[in-house]
Amino acid sequence: MITNNFRTSGKPGRVLVVDDQAANCELITALLEPRGFVVEVAMSGPQGLECIAAAPPDVVLLDVSMPIMDGLEVCRRLKGDPKTAMLPVIMVTGNVNRNDRLAGISAGANDYLPKPIDAQDLILRVRNAVFAKRLHDELAENYRRLQELERLRDSLTHMVVHDLRSPLTAIIMSMELMKMTTAGRLQPRDLETLEACHGSALNMNEMVTTLLDVSRLEAGELPLQKAVIPLAPVVHAAVIPLRGLAEGNDVRLAGPDGDGTAHCDGEIVRRVLGNLVGNALKFTPAGGEVRVSLHNGGPDVRVAVRDNGPGIAPEYHGKIFEKFGQVQDRKAKLGAGLGLAFCKLAVEAHGGRIGVESEVGRGSIFWFTLPSVSEPGRIQP
């Protein structure tokens with residue numbers, strides 16, 4: 001049973017008929033217009049492309065056999081253009097053998113309508129095509145709105161964090177000045193409190209820097225100061241500030257094992273390593289070990305941070321590298337919010353890769369690669 005009127009989202013479906021035979025155009029129009037469709041006609045392939053460029057319809061009924069430019073070529077052009085690739089195209093033809101169908105599918109046609117045209121067949125196929133187009137348009141619009149909301153959120157976050165930086169810097173400098181001016185006069189407990197506050201302020205400053213740098217990396221606006229760098233000293237520079245945390249947690253911090261030389265920004269790589277090693281120390285139980293290793297193999301240097309912490313289930317291996325991504329298991333909240341997102345963006349900005357190998361209860365290996373200088377052709381200025 002076919003309803004007399006068809007509406008989607010409160011608007012009639014727009015149909016473009018591209019056919020050089022006026023009788024066919026009149027027949028299709030007579031069948032569709034009484035049921036609520038708005039029908040437009042183009043008498044040739046080039047004219048059809050002009051109509052679509054001016055005002056894309058919801059569906060195109062396209063005759064295969066036309067002079068100058070046949071329907072297959074029109075279809076290929078529509079599907080080859082990102083602006084019209086999702087436009088439903090129904091090929092109208094008297095040839096419905098296998099080779100003709102394959103030719104239409106190869107050109108990108110969404111459906112076939114055989115001649116002579118059956119009214120019920122025509123209306124059902126057009127109705128379904130218009131409905132599919134409206135669903136696609138709605139999804140595309142929702143996605144666009146989500147992207148805009150994400151941009152607004154990121155802009156607001158960036159603005160707030162940027163404004164936090166000045167007062168935070170003032171707090172850090174004031175604490176450092178206080179430590180100098182009160183040297184030898186503070187009680188041990190007061191000095192310990194001051195040191196803890198200073199450390200927390202430095203951690204906050206590092207978070208602010210990471211958030212700003214994540215935004216710059218996403219926008220491709222963080223310049224990398226690349227040079228040919230031995231990675232062992234970079235590892236040492238990353239782990240030295242973390243030795244106190246390791247000792248406090250009763251965790252052995254070892255490495256680097258191996259060696260390697262990469263073409264990279266040493267300071268950015270140091271921060272990547274600091275994030276990975278710091279996370280490993282946070283989740284490794286007392287008596288455990290965190291080990292950093294380097295392996296120079298072919299075109300890449302592989303840097304790995306191994307721990308024997310609680311491990312991460314495979315379904316979360318990708319999520320932890322997302323911005324603000326965290327994974328909750330039964331023992332601990334796994335993930336570093338922005339830290340691992342920064343690591344991923346920073347490594348990929350170098351042309352490298354990053355990942356994790358882990359199983360629940362068997363620890364984790366966080367690894368990343370950097371271009372090795374053993375492959376000169378890979379080094380980019």
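Helices are DSSP runs of H or I with at least four residues, and they are numbered from the N terminus. By that rule, Glu195 falls in helix H6, residues 188-218.

**Figure 1. Overview of the predicted model.** The structure shown is a prediction. The chain holds 10 helices and 16 strands. Its C-alpha trace spans about 100 × 45 × 40 Å along the principal axes. The radius of gyration is 31 Å, whereas a compact globule of 381 residues would have one near 21 Å. Of the 381 residues, 41% are buried. Take the contacts between residues at least 6 apart in sequence: 69% of them join residues at least 24 apart. The accessible surface comes to about 20,600 Å². Carbon and sulfur atoms account for 55% of that surface. Charged side chains number 42 positive and 46 negative. The centres of these two sets lie 3 Å apart.

Figure 2. Mean pLDDT is 86, and 91% of residues reach 70 or more. Over residues 330-336 the value is below 50. This stretch still has 21 contacts in the model beyond near neighbours in sequence. Residues 375-381 also stay under 50. For residues 375-381 the model has 11 contacts beyond four places in sequence. Where pLDDT is low, predicted coordinates should not be read in detail.

**Figure 3. Ile68 and Gly80, around helix H3.** Ile68 sits in the loop between strand S5 (59-63) and H3. Its phi is near 70°, a positive value in a residue other than glycine. Most residues other than glycine have a negative phi. Is Ile68 buried or exposed? Ile68 has a relative accessible area of 81%, so it counts as exposed; the cut-off is over 50%. Helix H3 covers residues 71-80, and Gly80 belongs to it. Gly80 is exposed too, at a relative accessible area of 59%. Ala107 is 27 residues from Gly80 in sequence. Their C-alpha atoms are 9.3 Å apart in space.

**Figure 4. The cis peptide bond between Lys115 and Pro116.** Most peptide bonds are trans. The bond joining Lys115 and Pro116 is cis, with omega about -5°. Pro116 lies in the loop between strand S7 (111-114) and helix H5 (119-181).

**Figure 5. Helix H5, seen at Val130 and Ile171.** Both Val130 and Ile171 lie in helix H5. How exposed is Val130, and what is its relative accessibility? Val130 has 0% relative accessibility and therefore counts as buried; buried means under 20%. Asp58 is 72 residues away from Val130 in sequence, yet their C-alpha atoms are 5.4 Å apart. Ile171 is partly exposed, with a relative accessible area of 42%. Ile171 and Cys197 are 26 residues apart along the chain. The separation of their C-alpha atoms is 9.7 Å.

**Figure 6. Glu195 in helix H6.** Glu195 is found in helix H6. Its relative accessibility is 37%, so Glu195 counts as partly exposed. That value falls between the buried limit of 20% and the exposed limit of 50%. Phe342 lies 147 residues from Glu195 along the chain. The two C-alpha atoms are separated by 27 Å.

**Figure 7. Asp250 and Pro256, leading from helix H8 into strand S9.** Asp250 lies in the loop between helix H8 (243-248) and S9. It is not a glycine, but its phi is positive, about 55°. Strand S9 runs over residues 252-257 and includes Pro256. The peptide bond from Gly255 to Pro256 is cis. Its omega is near 10°.

Figure 8. Helix H10 takes in residues 339-349. Which of its residues are buried? Gly339, Leu340, Ala341, Phe342 and Cys343 are buried, as are Ala346 and Val347. Just after H10 comes Gly351. Its phi is positive, about 85°.

Methods
Residues numbered from 1 in each chain as written. Predicted model: local features only at pLDDT ≥ 70, side-chain atom pairs only at ≥ 80, totals over all residues. Heavy atoms only, no water. Buried < 20%, exposed > 50% of the residue type's maximum accessible area, 1.4 Å probe, protein only. Helix = DSSP H or I, 4+ residues; strand = E, 2+ residues; numbered from the N terminus. Rg over C-alpha atoms; globule rule 2.2 N^0.38 Å. Contact = heavy atoms within 4.5 Å. Areas by Shrake-Rupley, 256 points an atom, 1.4 Å probe, with all protein chains shown as cover. Lys, Arg positive; Asp, Glu negative; His and termini not counted. Charge placed at Lys NZ, Arg CZ, Asp CG, Glu CD. pLDDT = per-residue confidence, 0-100.
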